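Subject: Structure handover

Hello,

Here is the structure I promised to pass on. Please open it first, then read my notes below.

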Amino acid sequence: MAMEIERRFLVKDESWRDLAEGQRYRQGYLSVDPARTVRVRVVGDDAWLTIKSQVSAMSRHEFEYAIPRADAEALMDAACPMVVEKIRYKITHAGHLWEVDEFFGENAGLLVAEIELPDEATEFVRPDWLGEEVTHDGRFTNAYLSQNPYRRWPK
């Protein structure tokens, strides 16, 4: 069983853009219960089914299985009322990998940076383009965004 420990932040400016190439992600949720989520994801020609169970705001047990892309597409079409589309950029900063997600469709305008850590207490250097931490705000999870798109949030 794998443990995923991550922290999420808003992105405050565009200075990160020249640091990485992005890759398009398409994902839908079969379950969005905060205590347990089930996601299907397509990236290029590859697809996965992922099951996560919450341990804390930062930590989740994660089980991920490769599945045929055609199966993933069929699951999204049949069982996922809203699909989240984004481009993920991977940026290394001060020895840590950051993933910046630029959302599209109903979540357009949202930029979220994530860092995966080996332990909840791990210290790291914040990049200059990092904004407010939103780890403890469940609205910034992809599962929540699949049901409550960013464009529909009150401004």
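Predicted model: local features only at pLDDT ≥ 70, side-chain atom pairs only at ≥ 80, totals over all residues.

D71 sits in helix 1, which covers residues 69-79. D71 is partly exposed, and its relative accessible area is 42%. D71 and A47 are 24 residues apart along the chain, and their C-alpha atoms are 8.4 Å apart in space.

Now the overall picture. The protein has nine strands and two helices. Their order along the sequence is β-β-β-β-β-α-β-β-β-β-α. The radius of gyration is 15 Å, and the globule rule gives a value close to that, 15 Å, for 155 residues, so the protein is as compact as a globular protein of that length. Along the principal axes, the C-alpha atoms fill a box of roughly 40 × 35 × 35 Å.

Some totals follow. Of the 155 residues, 44% count as buried. The accessible surface is about 8,200 Å². Carbon and sulfur atoms hold 49% of that surface. Take the contacts between residues at least 6 apart in sequence: 61% of them join residues at least 24 apart. On charge, there are 28 negative and 20 positive side chains. The centres of these two sets lie 4 Å apart.

How many residues does the largest nonpolar core have? The count is 18. The residues with the most contacts inside this core are V11, W16, I91, W98, V100, A113 and W129. Four strands each supply at least two of its residues: strand 1 (2-11), strand 6 (83-93), strand 7 (96-103) and strand 8 (111-116).

Leave out residues up to four places away in sequence, and W16 touches V11, Y89, I91, V100, L111 and W129.

Then go to strand 6, where K86 has its place. Is K86 buried or exposed? K86 is buried, with a relative accessible area of 0%. Its contacts, again without residues up to four places away in sequence, are Q23, R24, Y25, Q27, R41, D101, E102, F103, F104 and N142. One of these, E102, is 16 residues from K86 along the chain. The C-alpha atoms of K86 and E102 are separated by 5.3 Å.

The loop between strand 6 and strand 7 contains A94. Phi of A94 is near 50 degrees, a positive value in a residue that is not glycine. Most residues other than glycine have a negative phi. A94 is partly exposed, at a relative accessible area of 49%. The cut-off for exposed is over 50%.

Strand 7 includes H96. H96 is buried, with a relative accessible area of 17%. The limit for buried is under 20%. Which residues does H96 contact, leaving aside neighbours within four places in sequence? They are I91, I115, L117, T122, E123 and F124. H96 and I115 are 19 residues apart along the chain. Their C-alpha atoms are separated by 7.4 Å.

One last stop is S53, in strand 4, residues 46-54. S53 is partly exposed, with a relative accessible area of 25%. Not counting residues up to four places away in sequence, S53 touches A35, R36, R60 and H61. D33 is 20 residues from S53 in sequence. The C-alpha atoms of S53 and D33 are 9.3 Å apart.

For a quick tour, begin with W16 and its contacts, including V11 and W129. Move on to K86, which is buried at 0%. Finish at A94, with its positive phi.

Best wishes

Note on methods:
Residues numbered from 1 in each chain as written. Heavy atoms only, no water. Rg over C-alpha atoms; globule rule 2.2 N^0.38 Å. Buried < 20%, exposed > 50% of the residue type's maximum accessible area, 1.4 Å probe, protein only. Contact = heavy atoms within 4.5 Å. Areas by Shrake-Rupley, 256 points an atom, 1.4 Å probe, with all protein chains shown as cover. Lys, Arg positive; Asp, Glu negative; His and termini not counted. Charge placed at Lys NZ, Arg CZ, Asp CG, Glu CD. Core = buried A, V, L, I, M, F, W, Y, C linked by side-chain atoms within 4.5 Å.
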